[in-house]
Amino acid sequence: MDIEAAFHVVGEFGPYQKRAVTVLVLAQVYMACQSMLIVLVGATPQYRIDQPDGVQFSQQELPQHVTFTEEVDSIVTEWFLIRQQAYKVSLAGSLFFAGLLVGNVVFGPLSDKIGRRPVYLTGLFFEVVFGYVTAFAPSFEVFAASRLLVGLMNGGIGLVCFVLTQEYVGKSYWATTGTLTSMTFAVGIALFGALGYFIRPWRSLAVVANSSGVLLFLLSVTLPESPRWLYSQGQTERAEEVLCYMAARNGNAANSLMLRRVAAAGQHHRRQTGVLQLVIHPVLRLRTMVLMYVWYACSLVYYGLTLGASETSGSRYVNVAMYGLVELPAYPLCIYFINKQWAGRRKSMASFLCLAGSACLCTMFIPENTGTLLSVTSLALVGKLMVSAAFNIAYVYSSELYPTVIRNAGLGVCSMSCRVGGILAPFVPSMRALHTSMPFTVFCLSGLSAGCLGLLLPETLNRPAAETLEELSSPTHGRVLESKALLYEDDKWKSNHK
């Protein structure tokens with residue numbers, strides 16, 4: 001039998017898989033805390049400088065003349081990161097996201113080559129270690145370097161963790177596990193806001209937020225390798241062992257479970273998998289181009305709208321929690337729509353992106369500071385709700401569009417383009433200098449164009465997941481932009497790789 005038939009015997013989402021997925025989903029809380037750490041740890045309180053007229057202080061003399069008027073314990077108050085040194089807070093945040101970008105690119109292909117489990121456990125271990133380096137950093141330079149390394153590990157294990165939640169269960173539950181992963185990340189943001197409210201010293205906050213990773217690592221050690229990855233690599237005997245173990249823990253008898261032997265193909269696939277196949281393979285090339293733009297647009301609109309909503313006055317702890325909680329309604333919407341035959345993955349993702357763009361379009365016709373329910377802020381939050389839904393679907397949809405042998409590499413490249421969108425998002429508000437509506441025009445066009453491009457992708461609902469590159473040639477898996485030219489390219493690729 002093939003791998004999908006085996007999961008029907010083992011149990012697509014039995015008690016053991018629920019426990020394993022729970023561990024992986026809880027990892028999102030830890031990763032959310034690390035992602036949001038700089039927001040509270042790098043908080044800049046109100047301050048005044050006792051500076052007589054005409055007297056200029058050097059950076060070394062400044063601490064003696066600064067008085068912080070707000071009771072905040074952060075890296076700003078400890079290392080006096082104000083005035084000419086204020087850029088260092090943003091630098092630490094940028095280094096974290098730079099680490100995320102590199103981690104997505106490096107860890108994705110690596111886990112396709114050596115396995116999901118070793119990459120995930122190694123990345124989680126070192127993220128916890130570097131997290132403690134952050135908490136006990138003796139200087140800003142050490143702090144900044146640790147944030148880069150934490151981001152590197154966070155980006156890598158976040159991707160592998162998501163893939164494992166998909167590959168431990170039957171394909172019919174991929175949407176559910178993918179949505180739970182994204183929902184738990186949003187809950188993690190809210191929990192971090194609450195944690196910051198009760199633990200004000202920044203070093204204590206960093207220690208407590210990082211300590212959950214120790215428990216998570218101990219729970220993750222017991223997790224098995226992905227049976228889908230083992231099967232795609234031709235290691236059918238090991239895949240059978242994992243599946244039988246799952247079946248036993250689920251209470252199902254599967255002692256005679258026998259997978260179709262694909263050892264020879266597995267050797268062939270190992271030589272062919274890698275990021276280069278995303279460029280060489282005609283079907284993967286077009287899918288990757290479309291998905292990269294979709295992920296980029298999702299990130300640009302999401303973070304851009306978040307920056308606009310963050311201007312809300314009030315407690316910074318409440319604001320952090322609110323930005324997480326506002327995403328939660330998006331996930332039940334995802335679960336409902338993407339499993340409906342008349343909507344599916346493709347139409348749902350495109351619709352949510354277009355709705356996000358439309359919400360941004362409507363802000364251009366609403367006067368600022370109206371004080372009514374229909375305001376720029378409320379429309380921006382609606383836009384964030386919609387793009388959060390699209391973002392979640394993009395994760396699930398992309399994992400289904402890539403074959404198992406190259407899934408992590410494909411998601412890694414998509415995540416890289418996502419980080420580029422996040423890096424560019426802070427610069428969009430500065431376009432107000434050209435016209436007050438220019439930032440929302442950029443978000444509107446990005447959402448609408450990504451939604452339209454997403455319609456070029458094939459639907460994956462109720463279709464078997466591809467395990468190998470050759471299966472993409474099957475009509476079952478569809479193509480982007482069906483044309484004679486693409487069919488010719490695909491036939492040419494197959495003849496060159498026989």
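Mentor: Let's start with the term itself: a salt bridge is a side-chain nitrogen of Lys or Arg within 4 Å of a carboxyl oxygen of Asp or Glu. Keep in mind that we're looking at a predicted model.

Trainee: Okay, how many salt bridges does a search of the whole structure find?

Mentor: The idea behind the search is that side chains of opposite charge can pair when their charged atoms come close. Here the search turns up six salt bridges.

Trainee: Which parts does the pair Glu78 and Arg203 tie together?

Mentor: Their side chains meet at 2.7 Å, N to O. Glu78 sits in helix α3 (residues 75-79) and Arg203 in helix α8 (residues 202-220), so this pair ties together parts 125 residues apart in sequence. Glu78 is partly exposed at 33% relative accessible area, and Arg203 is partly exposed too, at 24%.

Trainee: And Glu327 with Lys384, what N to O distance do they have?

Mentor: That one is 3.9 Å. Glu327 is in the loop between α14 (316-325) and α15 (330-338), while Lys384 is in helix α17 (residues 376-401), so the pair links parts 57 residues apart in sequence.

Trainee: Is Glu327 buried or exposed?

Mentor: Buried, with a relative accessible area of 4%. Lys384 is buried as well, at 2%.

Trainee: Which residues are linked in a network of salt bridges?

Mentor: Asp112, Arg116, Glu167 and Arg407. Within it, Asp112 bridges to Arg116, with the closest N and O atoms 2.6 Å apart. Asp112 counts as buried at 2% relative accessibility, and Arg116 is buried at 0%.

Note on methods. Residues are numbered from 1 along each chain as its sequence is written. This is a predicted model: local features need pLDDT of at least 70, side-chain atom pairs count only at pLDDT 80 or more; totals for chains, interfaces and linings use all residues. Side-chain values use heavy atoms; hydrogens and water are left out. Helices (H or I, at least four residues) and strands (E, at least two) are DSSP runs, numbered from the N terminus. Buried means under 20% relative accessible area, exposed over 50%, partly exposed in between (1.4 Å probe, protein chains only).
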